[in-house]
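Here are a few notes to read beside the model.

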Amino acid sequence: MGLKNFTKGVVKEGKRVRWPKRDVLIPSIVVVVVIAVFFGLILFAEDWAGNSLIQILKNAFNNGGAQ
């Protein structure tokens, strides 16, 4: 199967797909973006907290526990 036949098959299948209407698509995109931003913020907070904890532990062990 060559690249040309593969491309023809992809285009043929793409035409058979029932694509959603705009009034369904836009709210779906908004939901996906909101969820992605929400979980991105959660991951950012976890990363920041973990980095802060590691820095505190590094400082504690480098200074011999004295502050």
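1. A word on terms first: a residue is buried under 20% relative accessible area, exposed over 50%, and partly exposed in between, using a 1.4 Å probe and protein chains only. By that scale Val37 is partly exposed, because its relative accessible area is 48%. Val37 belongs to helix H2, residues 22–62 (helices are DSSP runs of H or I with at least four residues, strands are E runs of at least two, and numbering starts from the N terminus).

2. Please keep the origin in mind: this is a predicted model, where local features need pLDDT of at least 70, side-chain atom pairs count only at pLDDT 80 or more, and totals for chains, interfaces and linings use all residues. Residues are numbered from 1 along each chain as its sequence is written, and side-chain values use heavy atoms, leaving out hydrogens and water.

3. On the overall fold, the chain has two helices and zero strands. Its C-alpha atoms fill a box of roughly 70 × 40 × 10 Å along the principal axes. Buried residues account for 0% of the 67 residues.

4. Which aromatic pair turns up? A search of the whole structure finds one: the rings of Phe38 and Phe39, with centres 5.2 Å apart and planes at 75°, so the pair is edge-to-face. (Rings of Phe, Tyr and Trp, the last by its six-membered ring, pair with centres within 6.5 Å; planes under 30 degrees apart are stacked, over 60 edge-to-face, the rest tilted.) Phe38 is partly exposed at 47% relative accessible area, and Phe39 is partly exposed at 48%.
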